[in-house]
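Subject: Structure handover

Hello,

Here is the structure I promised to pass on. Please open it first, then read my notes below.

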Amino acid sequence: MSSNLTDLDDSADRGGPAQPLLIVRNLKKYFPVRGGLLEREKKFVHAVDGINFTVAKGKTLGIVGESGCGKSTTARLIARLMEPDSGSLIFDGEGVGEFGGIELKAFRRNLQMVFQDSFASLNPRLTIQETIAYGPREHGLSQAQANERARQLLARVGLEPEQFASRYPHELSGGQRQRVNIARALAFNPRLVILDEAVAALDKSVQAQVLNLLQELKAEHQLTYLFISHDLHVVHYICDDVMVMYLGQVVEIGPVEQIYGQAAHPYTRALLSAVPSMDPAHRTEKSPLSGDPPNPINPPAGCRFRERCVHAEAVCSERAPALVPAAQLSGHLVACHMNDAASGHTAATLESAA
Amino acid sequence: MLSYVLKRLLYTIPIALSVTLVSFMLVYLAPGDPLNAIAPADAPAEVVEALKAAYGLDKPIPVQYGKWLLRAVQGDLGRSIASGREVATEVLSAVSNTLLLAGVAGFAGVLMGCILGALAGYWHGSWIDRVATVLSVIGVSIPHYWLGLVLTIIFSTGLGWFPAMGAGPGGSAEWLWDLEHLRYLVLPALTLSVIPLGIITRTVRALVADMLEQEFVMALRARGLSHQAIFRHVAKNTAPTVLAVAGLQLGYLMGGSILVETVFAWPGTGFLLNTAIFQRDIPLLQGTILVLCLFFVALNLLVDILQPLIDPRMGRT
Amino acid sequence: MKTTLSPQAPSRSFWMVVLRQLRQDRVAMISICVLAIIIGAAIFAPWVAPADPFKASMLNRLLPIGSPGHWLGTDELGRDMLTRLMYGGRLSLLMGVVPVLAAFVIGTSIGLLAGYVGGRTNMLTMRVLDVFYAFPSVLLAVAIAGALGPGMSNSLIALTLVFVPQMVRVAESVTTQVRRLDYIEAARMSGASAFSIIRVHVLGNVLGPVFVYATGLLSVSMILGSGLSFLGLGVKPPEPEWGLMLNTLRSAIFRNPWVAALPGAMIFITSIAFNLLADGVRSAMDVRR
């Protein structure tokens with residue numbers, strides 16, 4: 001199905017192939033914690049604490065991390081479902097919501113999101129066709145045009161319109177519902193699609209089908225994906241680049257094979273080794289990570305990972321490591337003192353070269 | 001725990017203040033000068049002015065409110081226009097009458113409701129359950145003022161067992177728990193008890209039936225616990241909710257007794273309210289509403305504070 | 001990679017499923033029939049009633065039930081009871097339906113807005129309403145009606161004011177829950193206006209629970225409204241209304257108790273029917289979940 005759209009067809013590539021589709025600068029979001037007798041706001045949850053990254057066009061960036069590391073909050077901030085406390089987004093070279101840049105409603109057409117809970121994502125009172133047609137309708141299409149587009153999309157994701165268009169969400173399986181969600185996202189002809197744990201709730205076999213569908217759609221429509229997940233196998237399968245988050249910050253970001261093969265940050269290494277191996281000869285004997293994740297309320301000074309890191313030293317509690325290029329690996333950034341020759345960490349002088 | 005109590009108290013204060021404001025302002029809702037109630041329409045101007053000054057109605061409303069509130073806090077609610085007696089005294093004696101009636105009715109209704117509800121919930125689906133359901137539907141559907149009339153017809157004018165009206169010689173001020181006085185209490189209390197009966201039966205039945213279906217009860221049964229022991233377990237778990245509902249019911253009975261008291265001419269706050277409304281007796285009206293509502297607010301507060309004490313599971317806001 | 005559904009009956013919308021459930025509920029259906037009769041008698045009273053509701057006859061006062069020409073007897077002024085009961089149903093039913101309907105509309109609107117907007121506006125609204133909860137309903141209704149003065153419209157206003165806060169509470173609570181659901185976020189992602197989102201996505205899901213609550217209030221409203229007339233605060237004589245008739249017939253309990261009790265019996269029967277129907281509606285909507 002090629003895009004035979006009219007009003008929603010502003011997905012022209014303005015910035016050119018070299019321009020990253022999305023640049024995120026210094027995004028921050030703190031949530032106040034209510035406490036005390038008079039409910040004064042005293043403490044904050046540092047959900048997202050100054051993250052920077054870019055997403056290249058046509059690529060899939062995976063975002064991984066433990067529960068509570070800020071992945072979903074980041075997704076919602078980018079989708080502008082929440083207002084960030086500070087930071088900016090640059091979409092295809094234009095600032096989002098800024099003067100002289102791209103305005104919010106137009107931005108919404110370029111970016112769509114698929115949520116984890118396929119059932120909660122669909123209004124139980126509307127038929128599937130009505131759900132998919134709602135968005136285009138709001139952007140100016142007539143009811144008939146919107147319906148026709150909905151039916152086309154349903155066919156594209158593998159759900160026969162004659163059978164499915166007038167169904168209600170409760171009559172579908174989880175995998176089918178998620179395809180409906182994907183169809184709805186595509187209704188706007190977006191350029192960036194955020195998939196927030198989109199396949200996490202599905203059975204493995206269904207996951208594979210949906211993932212393949214996503215790959216096909218990406219190729220057909222020149223889409224860019226932001227793939228949030230805690231499942232490292234799936235991320236390895238589908239992503240081009242991977243970003244690892246810990247406690248609201250980016251600790252490592254780089255091409256998928258480098259991250260999986262030569263992880264530079266101790267946390268990433270620990271995450272990867274925590275994935276149970278299928279090989280009985282290489283059983284995991286003990287947990288690579290010690291302790292519990294610290295409290296995201298008023299996090300510790302310096303490197304946030306130091307309380308669970310086997311390589312922690314004094315410098316780690318004094319200064320927070322910056323996200324700098326990893327030694328000898330291109331396109332790969334790490335936030336760890338061991339990687340930074342100037343940090344004073346004993347391991348740094350050994351590992352880093354030039 | 002203490003912070004929770006303090007928080008609730010703090011929160012209640014603006015509510016109580018608003019209640020006083022509404023109680024005071026209600027009389028100004030109606031079009032027309034409240035003064036019309038006091039002075040006859042053809043009174044000469046000086047008399048009207050004098051009356052105005054005497055009742056403080058010549059001052060602006062916020063001032064009137066302030067003065068009224070200040071005096072109320074000290075226990076002075078003014079004088080009744082109709083009877084000339086102090087409002088505070090009249091209201092207090094009425095409150096004790098209503099408290100007597102509502103207390104007995106509430107207790108009876110809650111007790112019977114608990115028993116019926118528990119039996120119905122325990123033998124879920126049996127004939128007991130059906131009877132209890134029917135009774136509870138009747139309880140919430142019946143106009144209690146009509147029930148009072150019917151009971152009067154049957155037991156008073158018909159069989160002559162109980163007197164049709166009044167609270168007995170001396171009312172609650174000279175109350176004795178003897179047959180002579182109790183005769184006056186039976187019909188009104190029975191009538192009033194139907195309201196909490198219906199609601200409590202329903203509540204308890206649902207709670208008990210729900211609880212018995214939970215897995216921990218199956219585990220208890222598997223361990224061979226007797227019926228009584230299981231019953232005690234269930235009772236302990238449902239008690240907090242039931243207490244909360246019962247407490248609120250008492251509040252409603254106090255506030256809503258006006259209809260039953262009118263039927264039986266029971267000299268309680270409801271009856272007083274009725275009188276005050278029809279005689280446009282402003283101080284009496286304001287005072288009665290104030291006392292009744294503050295009582296309700298206090299009762300709510302009490303229930304809110306007691307509930308976490310009984311049920312440690314309840315989260316605090 | 002096409003998937004197909006196994007062939008099944010055409011899917012139905014939410015309300016159709018509820019209706020279907022309701023039709024299978026015998027108790028609810030009986031209640032609907034009873035209500036239909038009572039409402040029918042009230043609406044068609046001018047054509048069906050045997051006599052003039054205002055025609056008094058001093059000779060025929062308080063005739064017993066079963067008297068020739070007056071099947072349900074006569075009241076204290078000699079007026080035919082059957083006729084007055086039928087006409088009385090008009091006002092009594094209005095007392096039940098109108099305040100609930102008005103409170104439904106007003107309460108849902110306020111609750112929707114407060115719940116959707118959230119934040120301080122919501123908190124402020126709910127705090128203001130908390131003051132109303134500090135008054136027991138009967139007391140509040142009597143106090144407002146008493147302050148406004150006798151008359152049916154004043155009673156209707158009083159009852160509406162009593163019910164609005166309760167409706168707002170239910171509507172706001174449901175709206176706040178619905179608002180957090182993912183499909184609302186998805187709708188926001190489509191760039192639709194808040195008004196459109198509320199209309200298409202939120203409203204449909206909020207109406208259900210509020211409707212169930214409202215049906216439960218119907219009997220309360222009728223009993224309370226007739227109660228106000230019973231106290232002399234509502235409908236004024238000589239208009240026929242069940243509560244008022246109970247009041248005026250009170251002195252007659254010595255001479256003809258059964259006739260005196262008739263109007264209340266009507267309130268009772270109608271109220272039971274309302275409540276059983278409300279229970280049926282609630283179960284029908286629950287099963288759907």
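First, a caution. This is a predicted model. Chain A has an average pLDDT of 82, and 87% of its residues score at least 70. Residues 1-7 of chain A are the part to watch: their pLDDT is below 50. Beyond near neighbours in sequence, that stretch has eight contacts in the model. Where pLDDT is low, predicted coordinates should not be read in detail.

Chain A overall

Chain A has 354 residues, and 44% of them count as buried. Its secondary structure consists of twelve helices and twelve strands. Take the contacts in chain A with a separation of 6 or more: 64% of them join residues 24 or more positions apart.

The sheet

Chain A holds an open sheet of eight strands. The order is β6-β7-β8-β3-β9-β10-β12-β11, and the pairing is mixed. Which strands stand at the edges? They are β6 (111-114) and β11 (324-325) of chain A. Each has a single partner strand, so one side of each is left without a neighbour in the sheet.

- β3(A), residues 60-64, pairs with β8(A) in the parallel sense over four bridges. Here A:T60 stands opposite A:Y225.
- β7(A), residues 192-196, also runs parallel to β8(A), and five bridges join the two. A:D196 has A:I228 as its bridge partner.

How does the chain get from β7(A) to β8(A)? It crosses through helix α7 of chain A, residues 204-221. This β-α-β crossover is right-handed.

Is β8(A) mostly covered or mostly open? It is mostly covered, with five of its five residues buried. In a regular strand, side chains alternate between the two faces of the sheet. On one side of β8(A) are A:T224, A:L226 and A:I228; on the other are A:Y225 and A:F227. All of these are buried, and both faces of the strand are covered.

β9(A), residues 241-246, and β10(A), residues 249-255, pair in the antiparallel sense over six bridges. In that pair, A:Y246 has A:Q249 as its bridge partner.

One more helix deserves a look. α6 of chain A, residues 174-186, lies across β6 and β7 of chain A. It runs at about 175° to β6(A).

Where chain C meets its neighbours

Chain C touches chain B through 32 of its own residues and 35 residues of chain B. On the chain C side, α5 (119-133), α6 (137-148), α9 (194-231) and α11 (257-288) each supply at least two residues. α11(C) gives the most, with nine. By class, this side of chain C has 23 nonpolar, eight polar and one charged residues.

Chain C also touches chain A. That contact takes 23 residues from chain C and 31 residues from chain A. The elements of chain C that give two or more residues are α8 (182-189) and α9. α8(C) supplies the largest share, seven residues. This side of chain C divides into ten nonpolar, nine polar and four charged residues.

That is the handover.

Best wishes

Terms used: Residues numbered from 1 in each chain as written. Chains lettered and ligands numbered in written order. Predicted model: local features only at pLDDT ≥ 70, side-chain atom pairs only at ≥ 80, totals over all residues. Contact = placed C-beta atoms within 7 Å. Nonpolar A, V, L, I, M, F, W, Y, C, P; charged D, E, K, R; others polar. Buried ≥ 20, exposed ≤ 12 C-beta atoms within 10 Å, placed from the backbone. Pairing = 2+ DSSP bridges. Right-handed = clockwise from strand over helix to strand, strands pointing away. pLDDT = per-residue confidence, 0-100. Axes fitted to C-alpha atoms, helices over the stretch in contact; angles between N-to-C directions.
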